[in-house]
Amino acid sequence: MLHIIFLFSLLFSSSHASVLDFCVADLMGPIGPAGYSCKKPAKVTADDFVFSGLGIAGNTSNLIKAAVTPAFDAQFPGVNGLGISMARLDLAADGVIPLHTHPGASEVLVVVQGSICAGFISSANTVYFKSLKTGDIMTFPQGLLHFQLNSGGSPALAFVSFSSANPGLQILDFALFANDFPSELIEKTTFLDDAQVKKLKAVLGGTG
Ligand SMILES: *[C@@H]1O[C@H](CO)[C@@H](O)[C@H](O)[C@H]1NC(C)=O
């Protein structure tokens, strides 16, 4: 008898089954650390589990000559609560996704067209980078600074998947030079000189 009870408790404790099959994001509702609250099941439709935007090339006519088309919980309500999401990455011939982190997710990138040089920096400050060709995939562990840039002479296309419905994004250069972080404090905390800080603020739209 005890054995049977033990077996059952083991079965139940090792099961990760949720009370709910899904929790489609209620985009009108509040958002918290676990994501959006759930849409009423009666209002859920097949469209909540489909995102049709990844077949369309992003507009790379911008400073970084790159575009990211997200299919995160805000665009793709069906992934809310599932710990997964995707995005499309377009890189023009000289496009770059500057050093950035996703605080909430690890990432896997698959190159579908062209060549992409991608890499990340570990917390031991070891740099891991590689030139990827079509069909190659690379993973970027959660929270680490990483980058992707076009290393071929023609447009590149990749799809990325994340281990979160909302991976978050912080781009290092934008955090430093695209806001009102006082130049004096940037110089003291980065050891960059004033001319370099002012130059990058002018390019990225920073003030102060
Ligand atoms: C791409 O973005 C640029 C700059 O914002 C804009 O001028 C251009 O019209 C856009 N192209 C398309 C096809 O939307």
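Student: How far apart do the C-alpha centres of domain 1 and domain 2 lie?

Tutor: This is a predicted model, and its domain assignment gives domain 1 as 32-40 + 42-168 and domain 2 as 175-204. The distance between the C-alpha centres of these two domains is 27 Å.

Student: Which element gives the most to the lining of the largest pocket?

Tutor: The largest pocket has a volume of about 250 Å³, and 18 residues line it. Two or more lining residues come from each of strand S3 (66-71), strand S4 (85-91), strand S5 (96-101) and strand S11 (156-162). With three residues, the one that gives the most is S4.

Student: How many residues of that lining are nonpolar?

Tutor: Lying nearest the centre of the largest pocket are Val68, His100, His102, Phe162 and Leu169. In the lining of the largest pocket, four residues are polar, two are charged, and the nonpolar ones number 12.

Student: What is the charged residue in the lining of the second largest pocket?

Tutor: The second largest pocket has a volume of about 180 Å³. Its lining divides into seven polar residues, four nonpolar and one charged. The lining residues include Ile31, Pro33, Asp73, Asn80, Ser164 and Asn166.

Conventions:
Residues are numbered from 1 along each chain as its sequence is written. This is a predicted model: local features need pLDDT of at least 70, side-chain atom pairs count only at pLDDT 80 or more; totals for chains, interfaces and linings use all residues. Side-chain values use heavy atoms; hydrogens and water are left out. On a 1 Å grid over the protein atoms alone, a cavity is a set of points where a 1.4 Å probe fits but cannot get out, and a pocket is an open set with protein on both sides within 12 Å along at least five of seven lines; lining residues have an atom within 4 Å of a point. Grid points are joined across faces, edges and corners, and a volume is the space filled by probe spheres set on the points. Helices (H or I, at least four residues) and strands (E, at least two) are DSSP runs, numbered from the N terminus. Ala, Val, Leu, Ile, Met, Phe, Trp, Tyr, Cys and Pro count as nonpolar, Asp, Glu, Lys and Arg as charged, and the others, Gly among them, as polar. Domain bounds come from an automatic or database domain assignment.
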